[in-house]
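Reader: I'd like to walk through this model feature by feature. Can you show me how to read it?

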Amino acid sequence: IFYLSIGSSVSSTGVASGGTLPPGLAEEEAEEIQVELTKVEDEIQTLRQVLVAKERHAAELKRRLGISPLSEIKQNFTKGWHEVQCSDAYLTASATFEEIGRSDAYKRTQETLSQAGHMTSAAFSSVGSAIRNQFGEMRALPYSNSGNSPSFKSFEDKVENMKYKVMGRSNGESDHSPTSNNAPF
C-alpha cells in the first residue's frame with residue numbers, strides 16, 4: 001500500500017516528494033503502485049460517469065412510461081409494507097394481538113372503558129344542559145338587562161358555536177347557525 005501524507009505532492013516518478021518510502025518498499029515498486037492507483041481512480045471516475053448516464057436514461061424511460069416519482073414512491077411503500085406483513089416478526093406480533101383481543105381481561109377492560117366513555121359523555125351533556133338552563137334563567141330575569149346586552153349575546157353565540165363544533169348539529173338544525181358567522185371558535 002502506498003501512503004501519501006496530507007500536503008505532500010507526487011513527483012514525476014510517482015514518489016511522494018519530500019518524504020521517504022515506507023519501510024520495505026522500493027522506489028520502483030512504489031511507482032508501480034502509484035500507476036495502479038491512478039488507473040483505479042480513473043476507472044472509478046469513469047464508472048461514476050456511466051452511472052450518472054444510466055440514471056438519466058432510466059429516468060427518461062420512466063417518464064416515457066408515465067411512471068412518476070410519486071407513483072414510484074407509492075409502489076416502493078406498498079412493496080415494503082407487503083414485506084413487513086409477510087415477516088416473521090409481524091406475523092408473530094399479529095397472532096399475539098389476536099390472542100390478547102380474545103382474552104377475558106381485554107374484553108373486561110374494553111367494556112369498562114366503553115362504560116366510562118358513555119358516563120363521561122352523559123356528564124358533559126348534563127353540565128352543558130345545566131349551563132344552558134342557567135343562561136336561560138339569567139336572560140329571563142326581569143330586573144336584569146344582562147340577557148339582552150351585546151356582550152351576553154356575543155358570549156352566548158360563542159358557546160353555541162362551540163357546541164356545534166364539538167357535538168355537531170342535530171337532525172332538525174340547519175348547517176348555517178346564525179351564531180357561526182361572527183364567532184371566533
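Author: Let's start with burial, meaning under 20% relative accessible area with a 1.4 Å probe, protein chains only. Buried residues are 9% of the 185 in this chain. Mind that this is a predicted model: local features need pLDDT of at least 70, side-chain atom pairs count only at pLDDT 80 or more, and totals for chains, interfaces and linings use all residues. Numbering runs from 1 along each chain as its sequence is written, and side-chain values use heavy atoms, without hydrogens and water.

Reader: How many helices and strands does the chain have?

Author: Five helices and zero strands, taking DSSP runs of H or I with at least four residues, or E with at least two, numbered from the N terminus.

Reader: What span should helix α1 have?

Author: The expected span is 1.5 Å times one less than the number of residues. For the 39 residues of α1 (27-65) that gives 57 Å, and the end C-alpha atoms are 57 Å apart, so the two agree. After α1 comes Gly66, with a positive phi near 85 degrees.

Reader: And how do I read helix packing?

Author: Two packed helices are described by the angle between their axes and the distance between the axes. Here α2 (residues 69-86) and α3 (residues 88-102) pack at about 60 degrees, axes 5 Å apart. That makes α2 oblique to α3, oblique being whatever is left after under 35 degrees (roughly parallel), over 145 (roughly antiparallel) and 65 to 115 (roughly perpendicular).

Reader: Which residues of α2 and α3 meet?

Author: With contact as heavy atoms within 4.5 Å, Trp81, Val84, Gln85 and Cys86 in α2 meet Asp88, Tyr90 and Leu91 in α3.

Conventions
Axes are lines fitted to C-alpha atoms, for helices over the stretch in contact, and angles run from 0 to 180 degrees between N-to-C directions. Buried means under 20% relative accessible area, exposed over 50%, partly exposed in between (1.4 Å probe, protein chains only).
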